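Subject: Structure for your review

Dear colleague,

Please find the sequence and the structure below. A short account of what was found follows.

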Amino acid sequence: MSAAWKAVWRTRELSTLFILLAEIAFFAWYLWPEGGGRHPFVNGENGLLILKYSAIYGIAAVGASMVIISGGVDLAPGAVIALTSVVLGHQYLEAQWSLPASILAGLGVGVLAGALSAALVVLVRLPPFIATLGVMGITRGLAYIVTEGRFFDVSARIPPNWAPLGVPLDWIAPIVMVVLTVVFQLFMRHVQAGRAVFAVGGNETAARYTGIQVGRIKTMVYLVSAVLASLSGVILILGQGQGKADLATGYELDIIASAVVGGASLSGGRGSVVGAVLGTLIFGVLRNALPQIPGATFYDRLIVGLVVVTIVVVDQILARRQG
C-alpha cells in the first residue's frame, strides 16, 4: 500500500468516507437500469430516503460513539427510542398534552435512562455492558407495560403536511443529524471536557492522576447518549406516526457497529463522531440497495456482519503495522 493511501486510512474519517463513496459507486453501477430508464438507486427521492432513515441511527450514534470512546458501551439506545415513542404517544393521545409538552416528556425518558446508566456504572461500578443491558431491559419492559400490546397512532392528530419552523418533516432528521455531528465533533476535539473523554477511554488511571473528574465525564457521556437516543425516538415517531414497544428493536447493535466502522475502538480512547455518522450512512446505503437486488434481501444481516468484521480487521492490521 502506498504512503498516500496509508495516510488516507490513518485519517479514519477520510477512509470511512472513501468506503461510503465506493459503496455508492458500486450499487450505482450494479443497479444501472437497462434501456436508459430511471435509476432505481441514484435519484433524489431515494437519496432523501437513505438520509432520513440513516439519520435515526446517526443521531443516536453520535452519543454512542462518545460512550465507546470513553471506554464504555451503551446497549440501551433501541429500547430508549421505543420508550420515548410510547411516552410521547401516550401523553399526546391519552393525556391530551400539547405536542411540545409531549416531546419534552419523551426526551425526559432519555434523561432518566442516562442517569440510571451513569449511576450503575459510576456509583455501583457495574461493568457498562451489564449496566446498560439492565437499562435496556427496564426501558423496553416499561414500554410494553405502558402500551399493553397496543400502539399510539400519533399521525391521527398531527396536521397534514406539518412542517415545524418551515422545514418539511422528511428533512428534519438529516438536518438534526448534520447539526449534531458538527457540534459534537467540535466539542470532542476542541473543548476540554470532550478531550477528557479520550483521556478517560485511553487510560482511566492516568486520567485520574491528571485531575480529570472521571465520574463526571462518564456521567456526561451516558446522559448524552440516552438523550440523543430519545431525540431519535421523537423524530422517528413524528415521521412514522406510531409509538410502540417493539420500535427500534436491534437498533443498538447497528448503532454500535456504525461507531466501530467509523473508527471507534471498543477498548476506548479512539474514535470519531463524524466517523460514526459516516458508518450509519454505509449501513443505510446497504439496507436501501440490497432489497433492490433479487434475492439479496435475505443476505442483509450477513453482509452487514461481514462488512463490520472486514473493516475492523483491516483497521487492526494497519494499526499494528503503524505501531
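In helix H7, the buried residues (under 20% relative accessible area, with exposed over 50% and partly exposed in between; 1.4 Å probe, protein chains only) are Ile172, Ala173, Pro174, Met177, Leu180, Thr181, Phe184, Gln185, Phe187 and Met188. The model is predicted: local features need pLDDT of at least 70 and side-chain atom pairs count only at pLDDT 80 or more, while totals for chains, interfaces and linings use all residues. Residues are numbered from 1 along each chain as its sequence is written, and side-chain values use heavy atoms, with hydrogens and water left out.

Helices here are DSSP runs (H or I, at least four residues), numbered from the N terminus. The buried residues of H7 pack against H2 (12-30), H3 (44-69), H8 (192-202), H10 (214-240) and H12 (273-289), where contact means heavy atoms within 4.5 Å. With 22 residues (169-190) at 1.5 Å a residue, H7 should span 32 Å, and its end C-alpha atoms are 32 Å apart, which agrees; the expected span is 1.5 Å times one less than the number of residues.

Thr84 lies in helix H4 (residues 77-94). Thr84 counts as buried because its relative accessibility is 0%. Leaving aside residues up to four places away in sequence, Thr84 touches Gly106, Val109, Ser230, Gly233 and Val234.

Finally, Ile56, Tyr57, Ala60, Ala61, Ala64, Ser65 and Ile68 of H3 meet Tyr251, Asp254, Ile255, Ile256 and Ala259 of H11. The residues of this contact between H3 and H11 divide into 10 nonpolar, 1 polar and 1 charged.

Notes:
Helix = DSSP H or I, 4+ residues; strand = E, 2+ residues; numbered from the N terminus. Nonpolar A, V, L, I, M, F, W, Y, C, P; charged D, E, K, R; others polar.
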